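This report describes a single protein chain for a reader who is new to structural analysis. Please keep the sequence and the three-dimensional view at hand while reading.

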Amino acid sequence: MPPIYAVNERSMNEKPTGVTANKTQRNLTLTWNDGHMSVYPFGLLRAACPCASCRGGHENMRAEPDETMFNANLPDSAETRLANIRAVGSYALTIVWEDGHDYGIYNWHYLRALCPCEQHRGKA
Ligand SMILES: [Zn+2]
Ligand SMILES: [Zn+2]
């Protein structure tokens with residue numbers, strides 16, 4: 001018999017098993033341990049940068065992205081060109097942008113909530 005809290009446990013344990021940046025298509029693909037794939041355009045990731053400076057202060061920082069971020073379509077520029085990705089412990093990653101911005105800590109929960117796929121946006 002499966003445990004009653006299986007769903008909650010799974011959502012707490014959600015983490016990517018693969019991270020691939022495609023600089024030609026300008027997107028980042030995360031494969032999750034439940035098999036789901038999330039494809040994030042660089043412009044969306046930059047618009048959703050969770051750092052205090054991009055969010056306009058610590059009081060505006062949220063555990064989940066703002067719905068308005070999904071409408072952002074930032075043009076190709078140094079701001080939206082991914083230069084590097086760094087792991088932050090085992091819970092998050094930091095994206096280094098070509099303009100040098102690297103303050104955003106994208107944790108797994110935030111990234112999962114930011115998944116732009118139809119399935120996840122349809123639910124929001
Ligand atoms: Zn930022
Ligand atoms: Zn999704």
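## Arg81 and its surroundings

Arg81 is found in the loop that connects α3 (52-55) to β4. Helices (H or I, at least four residues) and strands (E, at least two) are DSSP runs, numbered from the N terminus. Arg81 counts as partly exposed because it has 14 C-beta neighbours inside 10 Å. By definition, a residue is buried if 20 or more other C-beta atoms lie within 10 Å of its own, exposed if 12 or fewer, and partly exposed in between, with C-beta atoms placed from the backbone.

Not counting residues up to four places away in sequence, Arg81 touches Phe42, Trp97 and Glu98. Two residues are in contact if their C-beta atoms, placed from the backbone, lie within 7 Å. Arg81 and Arg46 are 35 residues apart along the chain, and their C-alpha atoms are separated by 8.8 Å.

## Origin and confidence of the model

This is a predicted model, in which local features need pLDDT of at least 70 and side-chain atom pairs count only at pLDDT 80 or more, while totals for chains, interfaces and linings use all residues. Residues are numbered from 1 along each chain as its sequence is written, and chains are lettered from A and ligands numbered from 1 in the order in which they are written.

The protein chain has a mean pLDDT of 89, and 89% of its residues reach 70 or more; pLDDT is the predictor's confidence in each residue, from 0 to 100. Over residues 5-9, pLDDT stays under 50, and the model has 0 contacts beyond four places in sequence for them. Where pLDDT is low, the predicted coordinates should not be read in detail.

## Overall arrangement

The protein chain contains 5 helices and 6 strands. Read from the N terminus, its elements follow the order α-β-β-β-α-α-β-β-β-α-α. Of the 124 residues in the protein chain, 16% are buried. Among contacts between residues at least 6 apart in sequence, 44% join residues at least 24 apart.

Strand β1 (residues 16-22) runs antiparallel to β2, and 6 bridges join the two. Two strands pair if DSSP finds at least two bridges between them. Thr20 has Thr29 in β2 as its bridge partner.

Arg26 lies in the loop between these two strands, β1 and β2. The hairpin has 4 residues between the strands, and Arg26 takes a positive phi near 60° there, although Arg26 is not a glycine. Most residues other than glycine have a negative phi. With 16 C-beta neighbours inside 10 Å, Arg26 counts as partly exposed.

## The sheet of β4, β5 and β6

An open sheet is formed by 3 strands in the order β4-β5-β6, with antiparallel pairing. β4 (82-88) and β6 (105-107) stand at the edges with a single partner strand each, so one side of each is left without a neighbour in the sheet. From one strand to the next, the twist averages 30°; axes are lines fitted to C-alpha atoms, for helices over the stretch in contact, and angles run from 0 to 180 degrees between N-to-C directions.

β4 and β5 are joined by 6 bridges. Leu82 has Trp97 in β5 as its bridge partner, and Ile85 stands opposite Ile95 in β5. In the hairpin of β4 and β5, with 3 residues between the strands, Gly89 takes a positive phi near 55°. β4 is hardly covered, for the count of buried residues among its 7 residues is 0.

## The nonpolar core

Which residues have the most contacts inside the largest nonpolar core? They are Leu28, Tyr40, Leu44, Leu45, Ala48 and Leu114, in a core of 15 residues. A nonpolar core is a set of buried Ala, Val, Leu, Ile, Met, Phe, Trp, Tyr and Cys residues joined through C-beta atoms within 7 Å. β2 (27-32), α2 (42-47) and β5 (92-97) each supply at least two residues of this core, and α2 gives the most, with 4 residues. Leu45 touches Leu28, Tyr40 and Ile95, leaving out residues up to four places away in sequence.

Met69 lies in the loop between α3 and β4, and counts as partly exposed with 16 C-beta neighbours inside 10 Å. Apart from its neighbours within four places in sequence, Met69 is in contact with Leu44, Ala47 and Ala48. Met69 and Leu114 are 45 residues apart in sequence, with 8.9 Å between their C-alpha atoms.
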